[in-house]
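Please look over the briefing below, which goes with the sequence and the model.

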Amino acid sequence: LCFDTFYHVHDLFHRGWSESLEPLYRVVGPKDKLILYTNIKKMPWWIIDEVKRTSIYLAQSRARRLYWNGFQLVMDLIFPIVHEEKLRQLISVRTGEQKKYSLVTVLLNHYLDDGFISMVRYYTTRDKEPKNKDEAIQIVADFVYNVFKVIPHNAKSAKM
């Protein structure tokens with residue numbers, strides 16, 4: 001999710017639903033846009049600030065670090081419209097002692113920090129159910145190539 005897109009959509013929503021929103025972001029279907037619209041409209045100012053801080057943090061670190069709180073808020077926001085099962089699972093599974101952050105947040109931070117090998121290290125050194133290197137490489141490869149995949153800009157629009 002591009003944070004500039006989030007702000008653009010937030011600005012459009014803040015001014016009210018607009019027909020100009022329909023042709024934008026074609027990979028998001030009309031029903032999902034309405035769900036996002038409703039959820040963004042209800043957001044308090046401090047959540048918007050956290051998302052903004054996420055964007056600033058990414059820019060300042062040259063996309064090498066993630067502001068976890070803000071990114072997790074975005075994951076929670078988009079969860080209702082995520083239809084891909086692997087990504088849904090990665091967003092819903094919470095990690096750490098406090099179960100505060102989604103697994104996708106943790107893994108993306110590792111990926112931004114030091115790439116593929118950092119994610120492999122995460123799986124081989126974690127306290128709960130560590131994996132051997134071969135298992136970790138297999139899990140990470142699937143994650144990177146199937147979940148972090150980039151949607152081509154000529155993708156067909158999402159169906160209702």
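How are H6 and H7 oriented to each other? They are roughly antiparallel, since the angle between their axes is roughly 150° and angles over 145 degrees count as roughly antiparallel, under 35 as roughly parallel, 65 to 115 as roughly perpendicular and the rest as oblique. This is a predicted model, in which local features need pLDDT of at least 70 and side-chain atom pairs pLDDT 80 or more, while totals for chains, interfaces and linings use all residues. Residues are numbered from 1 along each chain as its sequence is written, and side-chain values use heavy atoms, without hydrogens and water.

**Overall make-up**

- The protein chain has seven helices and two strands, taken as DSSP runs (helices H or I, at least four residues; strands E, at least two) and numbered from the N terminus.
- Read from the N terminus, the order of elements is α-α-α-α-α-β-β-α-α.
- The protein chain has 160 residues, of which 37% count as buried; buried means under 20% relative accessible area, exposed over 50%, and partly exposed in between (1.4 Å probe, protein chains only).
- Among contacts in the protein chain with a separation of 6 or more, 53% join residues 24 or more positions apart, where contact means heavy atoms within 4.5 Å.

**Helix packing: H6 and H7**

- Two packed helices are described by the angle between their axes and the distance between the axes.
- Helix H6 spans residues 103-125 and helix H7 residues 133-146, and their axes come within 8 Å; axes are lines fitted to C-alpha atoms, for helices over the stretch in contact, and angles run from 0 to 180 degrees between N-to-C directions.
- H6 and H7 cross in a left-handed sense, that is, the near helix is turned anticlockwise from the far one by less than a right angle, clockwise being right-handed.
- On the H6 side the contact is made by Val104, Leu107, Tyr111, Phe116, Met119, Val120, Tyr123 and Thr124.
- H7 contributes Lys133, Ala136, Ile137, Ile139, Val140, Ala141, Phe143, Val144 and Tyr145.
- The contact of H6 with H7 comprises 15 nonpolar residues, one polar and one charged; Ala, Val, Leu, Ile, Met, Phe, Trp, Tyr, Cys and Pro count as nonpolar, Asp, Glu, Lys and Arg as charged, and the others, Gly among them, as polar.

**Helix packing: H4 and H6**

- The axes of H4 and H6 lie 10 Å apart at an angle of about 130°, which makes H4 oblique to H6.
- The crossing of H4 and H6 is right-handed.
- Trp68, Phe71, Gln72 and Met75 of H4 are in contact with Val104, Thr105, Val106, Leu108 and Asn109 of H6.
- By class, the contact of H4 with H6 has six nonpolar, three polar and no charged residues.

**Salt bridges**

- The whole structure contains five salt bridges, each defined as a side-chain nitrogen of Lys or Arg within 4 Å of a carboxyl oxygen of Asp or Glu.
- One of them pairs Arg53 with Glu50, with 2.2 Å between the closest N and O atoms.
- Both Arg53 and Glu50 belong to helix H3 (residues 45-60), three residues apart, about one turn of the helix.
- Arg53 is partly exposed at 39% relative accessible area, whereas Glu50 is buried at 12%.
- Arg65 forms a salt bridge with Asp113, and their closest N and O atoms are 2.5 Å apart.
- Arg65 sits in the loop between H3 and helix H4 (68-78) and Asp113 in helix H6, so this pair ties together parts that are 48 residues apart in sequence.
- Arg65, at 39% relative accessible area, and Asp113, at 30%, are partly exposed.
- Lys86 forms a salt bridge with Asp142 at 2.7 Å between the closest N and O atoms.
- Lys86 in helix H5 (residues 85-92) and Asp142 in helix H7 are 56 residues apart, and the pair links distant parts of the chain.
- Lys86 is partly exposed at 35% relative accessibility, and Asp142 is partly exposed at 30%.

- Ala63, a residue other than glycine, has a positive phi near 60°.
- Ala63 lies in the loop between H3 and H4 and is partly exposed at 39% relative accessibility.
- Lys99 is not a glycine, yet has a positive phi of about 55°.
- Lys99 is in the loop between strand S1 (94-95) and strand S2 (101-102), and counts as partly exposed at 45% relative accessibility.
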